Amino acid sequence: MNDIWYLYILECRDSSYYIGITKDIPNRLEQHNSGKGAKYTRSHRPVKLVYFEEHDSGSKARKREREMKGWSREKKGQLINQFSSSALERFLRISVQ
């Protein structure tokens, strides 16, 4: 069983950011883009994955999610810009198949 939780950031069609947590990034990304994800992303599709980080429990991922949701757009953008695009490839290849 996968005990890894992911905190992820999506960039929406209007360049806004959505932050969430999941145990399965490719499935969650598909849900968001098919209109079955969060209410916010349903009206801001399509979305693309721009950042993620791994956590060993759901509670730690939720705590980090709450922290990051309080950040300014600029601070979120700086984090995303420092993130390796090669790290995203693992999930992007899976989600476009």
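**Exercise 1. Contacts along the chain**

Find what share of the contacts between residues at least 6 apart in sequence join residues at least 24 apart.

*Solution.* Start with the term: a contact means heavy atoms within 4.5 Å. Among contacts in the chain between residues at least 6 apart in sequence, the share that joins residues at least 24 apart is 59%.

Before going on, note that this is a predicted model, where local features need pLDDT of at least 70, side-chain atom pairs count only at pLDDT 80 or more, and totals for chains, interfaces and linings use all residues. Residues are numbered from 1 along each chain as its sequence is written, and side-chain values use heavy atoms, with hydrogens and water left out.

**Exercise 2. Elements and overall form**

List the elements of the chain from the N terminus on, then work out why the chain counts as being as compact as a globular protein of its length.

*Solution.* Helices (H or I, at least four residues) and strands (E, at least two) are DSSP runs, numbered from the N terminus. The chain has five helices and three strands, in the order β-β-α-α-β-α-α-α. Next, take the radius of gyration over C-alpha atoms; the globule rule is 2.2 Å times the number of residues to the power 0.38. The chain's radius of gyration is 13 Å, close to the 13 Å that the rule gives for 97 residues, so the chain is as compact as a globular protein of that length. Along the principal axes, its C-alpha atoms fill a box of roughly 35 × 30 × 25 Å.

**Exercise 3. A cluster of rings**

Trace how the rings of Y6, F52 and F83 pair.

*Solution.* Rings of Phe, Tyr and Trp (its six-membered ring) pair if their centres lie within 6.5 Å; planes under 30 degrees apart count as stacked, over 60 as edge-to-face and the rest as tilted. The structure holds five aromatic pairs.

- Step one: the centres of Y6 and F52 are 6.1 Å apart and the planes stand at 70°, so this pair is edge-to-face. It links Y6 in strand β1 (residues 5-12) with F52 in strand β3 (residues 47-55), 46 residues apart.
- Step two: F52 and F83 have centres 5.3 Å apart and planes at 80°, so they too are edge-to-face. F83 sits in the loop between α4 (73-82) and α5 (85-96), 31 residues from F52.
- Step three: ring pairs link Y6, Y51, F52 and F83 into a cluster.

**Exercise 4. Buried or exposed?**

Decide whether Y6 is buried or exposed.

*Solution.* Buried means under 20% relative accessible area, exposed over 50%, partly exposed in between (1.4 Å probe, protein chains only). At 7% relative accessibility, Y6 is buried. F52 is buried, and so is F83.
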